[in-house]
Amino acid sequence: MSRFQHTPVLVEEIVKFLDPQPGETFVDATVGLGGHAQALIERLGPDGILIGIDQDEQALRIAHENLSRFEKRIVLVRGNFRNLIQLVQANNGPRNVDGLLFDLGVSSLQLENEARGFSFLHNAPLDMRMDAIDGGNTAADIVNHANFNELVKILKEYGEEPKAESIAKRIIEARRRQPITTTGQLVEIIGGYLGGRIHPATRVFQALRIAANEELQSLQEALPQAVELLNPGGRLAVISFHSLEDRIVKNFFKSQTTGGRIKLLSKKAIAPSWPERKRNPRARSAKLRVAMKI
Ligand SMILES: C[S@@+](CC[C@H](N)C(=O)[O-])C[C@H]1O[C@@H](n2cnc3c(N)ncnc32)[C@H](O)[C@@H]1O
């Protein structure tokens, strides 16, 4: 077992609604450090298979350690879930699957790794790519090269930052003096300026992370593939951590329900219980939506 752990959210609810049965095949499209995967594979029994996908090579290495006792029943695959069908079929042939989970966003490993630039609490290179091997732009590429309008759009759309224009202006002024290459520089550019209840850098860092990883586009591309991959009666669960993601999931589920392709297993989004939220602060913003393919 690796010393790196990530407390998975809503595990009981995931098991209840995804309802893994012995011998079934499941996909965990965001396997991370393997927390949910472990709960699922234990119930899939000796003939069940779980395909675990993650774009983060470091996470996969740890998942491999954490899940080593299920070795023969787990296939770990590095890749972006925006290529879901291709990744699953390369490892499961043309067969469909019985359950599929997305637990979106970043893991504690990514947030707490001081070198990767996800957190404004550590000074580090301004990277923020979950896929450090094939990922596209870093957060530094964005803050140094996006024009004013692009920066404002990113901060407004992905950070819901009300002072997007002022921050974009400050970024552009600062980068004229010298390139912005570290989280520390960025925090200083934003810092002290905004005030308020949450740390002023929170929304800006969220926005840049979403943009650097094209998180919303990937989710939008992956959801139809997930429904496609499921057997009739197969279950789909998506945990999101902010309203932008949840809106995409909610609208997608609505259109698929209207189109007669899925039925909702819970009309409303499911939130973690109060004890879980108390135990695990990361759970506070989590929302789970679940559906079954018709
Ligand atoms: C919240 S963590 C998952 C934690 C996992 N459920 C567990 O219990 O350990 C989200 C994971 O999804 C991965 N991820 C996010 N977007 C992805 C994408 N588009 N393709 C593949 N992996 C992605 C991240 O690298 C991260 O490891």
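Reader: How many helices and how many strands are there in the chain?
Author: The model is a predicted one, and its secondary structure is counted over the chain as a whole. On that count the chain holds 13 helices and seven strands.

Reader: What radius of gyration does the chain have, and what would a compact globule with 294 residues have?
Author: A compact globule with 294 residues would have a radius of gyration near 19 Å, and the chain agrees with that value. Along its principal axes the C-alpha trace spans about 60 × 45 × 40 Å.

Reader: Into which domains is the chain divided, and how many Å separate their centres?
Author: Domain 1 is made of two stretches, 11–109 and 215–293, while domain 2 covers 136–212. Taken over C-alpha atoms, the centres of domain 1 and domain 2 are separated by 31 Å.

Reader: What share of the contacts in the chain with a separation of 6 or more comes from residues 24 or more positions apart?
Author: Buried residues make up 44% of the 294 residues in the chain. As for the contacts with a separation of 6 or more, the share that comes from residues 24 or more positions apart is 70%.

Reader: Which residues are closest to the ligand, and how do the residues of the shell divide by type?
Author: The ligand is surrounded by 22 residues, the closest being P8, T30, G32, G35 and D56. Helix 2 (35–44) and strand 2 (49–54) each supply at least two residues of this shell. By type, the residues of the shell divide into seven nonpolar, eleven polar and four charged.

Reader: Is E24 buried or exposed, and which residues is E24 in contact with beyond four places in sequence?
Author: E24 has its place in the loop between helix 1 (11–18) and strand 1 (25–28). With 22 other C-beta atoms within 10 Å, E24 counts as buried, and its C-alpha atom is separated by 8.4 Å from that of G45, 21 residues apart along the chain. Leaving aside neighbours within four places in sequence, the contacts of E24 are L44, G48, D98 and G99.

Reader: What values does phi take in L10 and in D19?
Author: L10 lies in the segment before helix 1 and is buried, with 23 C-beta neighbours inside 10 Å. D19 sits in the loop between helix 1 and strand 1 and is partly exposed, with 16 other C-beta atoms within 10 Å. Phi is positive in each of these residues other than glycine, near 55 degrees in L10 and near 45 degrees in D19.

Reader: Which residues does L229 touch, not counting those up to four places away in sequence?
Author: L229 belongs to helix 11 (residues 215–229) and counts as buried, with 21 C-beta neighbours inside 10 Å. Although L229 and G99 are 130 residues apart in sequence, they are 9.3 Å apart in space, C-alpha to C-alpha. Not counting residues up to four places away, L229 touches L84, I85, V88, N96, V97 and L100.

Conventions
Residues numbered from 1 in each chain as written. Predicted model: local features only at pLDDT ≥ 70, side-chain atom pairs only at ≥ 80, totals over all residues. Near = placed C-beta within 6 Å. Helix = DSSP H or I, 4+ residues; strand = E, 2+ residues; numbered from the N terminus. Nonpolar A, V, L, I, M, F, W, Y, C, P; charged D, E, K, R; others polar. Rg over C-alpha atoms; globule rule 2.2 N^0.38 Å. Buried ≥ 20, exposed ≤ 12 C-beta atoms within 10 Å, placed from the backbone. Contact = placed C-beta atoms within 7 Å. Domains from an automatic or database assignment.
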